[in-house]
Amino acid sequence: MQIASLPKENGARCRTVVITQGALPTVVASQGKIVHVPVITLEKEKLVDTNGAGDAFVGGFLSQLVAGKDIQECCRAGNFAAHVIIQRSGCTFPEKPTGFTWA
């Protein structure tokens with residue numbers, strides 16, 4: 001919680017801190033609250049390559065943040081993107097991923 005309370009240059013929005021933990025829940029600290037968001041489970045046999053998982057999470061998360069979605073939805077999109085990436089070799093994304101419905 002301390003890191004989310006640090007001062008920042010742009011005071012227009014509060015600081016939001018997101019900590020991903022692999023298979024453990026994503027932790028988000030913002031506006032004096034801590035939220036734990038579960039990740040999508042994946043069988044060990046389907047795990048191919050974790051390279052790019054963090055970048056994929058950030059892309060999914062930010063896509064929803066700029067669309068004005070809440071933190072839960074931002075994490076859901078980030079977790080989905082990372083979930084897709086780790087099932088493929090290299091940092092690649094299928095042309096049409098399935099299994100996600102935009103809120």
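Q2 is exposed, because its relative accessible area is 71%; buried here means under 20% relative accessible area, exposed over 50%, and partly exposed in between, with a 1.4 Å probe and protein chains only. The place of Q2 is in the segment before β1. Although Q2 and G32 are 30 residues apart along the chain, their C-alpha atoms are separated by 9.4 Å. This is a predicted model, in which local features need pLDDT of at least 70 and side-chain atom pairs count only at pLDDT 80 or more, while totals for chains, interfaces and linings use all residues. Residues are numbered from 1 along each chain as its sequence is written, and side-chain values use heavy atoms, with hydrogens and water left out.

The chain contains two helices and three strands, in the order β-β-β-α-α from the N terminus on. Helices (H or I, at least four residues) and strands (E, at least two) are DSSP runs, numbered from the N terminus. The C-alpha trace spans about 40 × 25 × 20 Å along its principal axes. Of the 103 residues of the chain, 29% count as buried.

The three strands make an open sheet with the order β1-β2-β3 and antiparallel pairing; two strands pair if DSSP finds at least two bridges between them. β1 (16-21) and β3 (33-37) each have a single partner strand and stand at the edges, so one side of each is left without a neighbour in the sheet. On average, neighbouring strands of this sheet are turned by 15° against each other, direction ignored; the axes are lines fitted to C-alpha atoms, for helices over the stretch in contact, and angles run from 0 to 180 degrees between N-to-C directions. In a regular strand the side chains alternate between the two faces of the sheet.

Five bridges join β1 and strand β2 (residues 24-30) in the antiparallel sense. One of the details of this pairing is that the bridge partner of Q21 is L24, in β2. β1 and β2 form a hairpin with two residues between them, and G22 in the turn has a positive phi of about 65°. Q31 is found in the loop between β2 and β3. Its phi is near 50°, a positive value in a residue other than glycine. Q31 counts as exposed because its relative accessible area is 64%.

The next topic is the empty space. Rolling a probe the size of a water molecule over the atoms shows where empty space is left. On a 1 Å grid over the protein atoms alone, a cavity is a set of points where a 1.4 Å probe fits but cannot get out, whereas a pocket is an open set with protein on both sides within 12 Å along at least five of seven lines; lining residues have an atom within 4 Å of a point. Grid points are joined across faces, edges and corners, and a volume is the space filled by probe spheres set on the points.

The largest pocket holds about 440 Å³ of space. Its lining has 20 residues, of which G22, A23, V39, I40 and I86 are the closest to its centre. β1, α1 (53-65) and α2 (71-85) are the elements that give two or more residues to this lining. By class, the lining has nine nonpolar, nine polar and two charged residues; Ala, Val, Leu, Ile, Met, Phe, Trp, Tyr, Cys and Pro count as nonpolar, Asp, Glu, Lys and Arg as charged, and the others, Gly among them, as polar.

The second largest pocket holds about 290 Å³. Among the residues that line it are R13, C14, T16, V18 and S30. Elements giving two or more residues to its lining are β1 and α1, and α1 gives the most, with four residues. This lining divides into seven nonpolar, two polar and three charged residues.

C14 leads on to the cysteines. The structure holds zero disulfides, a disulfide being a pair of cysteine sulfur atoms within 2.5 Å. The sulfur of C14 is 12 Å from the closest cysteine sulfur, in C74, which is too far for a bond. C14 is partly exposed, with a relative accessible area of 35%. C75 is in no disulfide either, and the nearest cysteine sulfur, that of C74, is 6.9 Å away. C75 counts as buried because its relative accessibility is 0%.
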